[in-house]
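Here is a short report for a first look at this structure. Take a moment with the sequence and the 3D view, then read on.

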Amino acid sequence: MATIARNIGPAGRRMRVIGGVLLLGLTVMVAGLLVGFGVDRGVRLALFVPLFGGALGLLQARDHTCV
């Protein structure tokens, strides 16, 4: 059976969870505002960056690993 490398501790996991939730919440709020104001779809595509960052933080916290 293979072992999984776990290289972040509880403080690192907590930091990644908080950062991930904040980034995802910010992304949802900004996306709502942009859709509400009818901003072009190409501009809304820029929200991929904070969405990816938030998801990455939550995945790292879940798996106890950092890239």
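Start with Arg-16. Beyond its neighbours within four places in sequence, Arg-16 is in contact with Ile-8, Gly-57, Leu-58, Gln-60, Ala-61 and Cys-66. Arg-16 sits in helix H1, which covers residues 10-36. Is Arg-16 buried or exposed? Its relative accessibility is 15%, so Arg-16 counts as buried, the cut-off being under 20%. Gly-42 is another matter. Arg-16 and Gly-42 are 26 residues apart along the chain, and their C-alpha atoms are separated by 29 Å.

Keep in mind that this is a predicted model.

**The whole chain**

How many helices and strands are there in the protein chain? The count is 3 helices and 0 strands. Read from the N terminus on, the elements run α-α-α.

Now the overall dimensions. Along the principal axes, the C-alpha atoms of the protein chain fill a box of roughly 50 × 20 × 15 Å. The radius of gyration of the protein chain is 15 Å, whereas a compact globule of 67 residues would have one near 11 Å.

Burial comes next. Of the 67 residues in the protein chain, 16% are buried. The accessible surface of the chain comes to about 5100 Å². Carbon and sulfur atoms account for 74% of that surface.

Contacts can also be sorted by distance along the sequence. Take those in the protein chain between residues at least 6 apart in sequence: 76% of them join residues at least 24 apart.

The structure holds 1 aromatic pair. Phe-48 and Phe-52 form it, with 5.9 Å from centre to centre and 25° between the planes. Why does this pair count as stacked? Planes under 30 degrees apart count as stacked, and the angle here is 25°.

**A salt bridge**

The structure holds 1 salt bridge. Which residue pairs with Asp-63? The partner is Arg-62, and the closest N and O atoms are 3.3 Å apart.

| Residue | Relative accessibility | Class |
|---|---|---|
| Phe-48 | 52% | exposed |
| Val-49 | 60% | exposed |
| Phe-52 | 47% | partly exposed |
| Arg-62 | 56% | exposed |
| Asp-63 | 34% | partly exposed |

**After helix H3**

His-64 is found in the segment after H3. The phi of His-64 is near 65°, a positive value in a residue other than glycine.

**In brief**

The predicted model has 3 helices and 0 strands. Arg-16 of helix H1 is buried and is in contact with residues including Leu-58 and Ala-61. Arg-62 and Asp-63 form a salt bridge.

Methods
Residues numbered from 1 in each chain as written. Predicted model: local features only at pLDDT ≥ 70, side-chain atom pairs only at ≥ 80, totals over all residues. Heavy atoms only, no water. Phe/Tyr/Trp six-rings, centres within 6.5 Å; stacked < 30°, edge-to-face > 60°. Buried < 20%, exposed > 50% of the residue type's maximum accessible area, 1.4 Å probe, protein only. Helix = DSSP H or I, 4+ residues; strand = E, 2+ residues; numbered from the N terminus. Rg over C-alpha atoms; globule rule 2.2 N^0.38 Å. Contact = heavy atoms within 4.5 Å. Areas by Shrake-Rupley, 256 points an atom, 1.4 Å probe, with all protein chains shown as cover. Salt bridge = Lys/Arg side-chain N within 4 Å of Asp/Glu carboxyl O.
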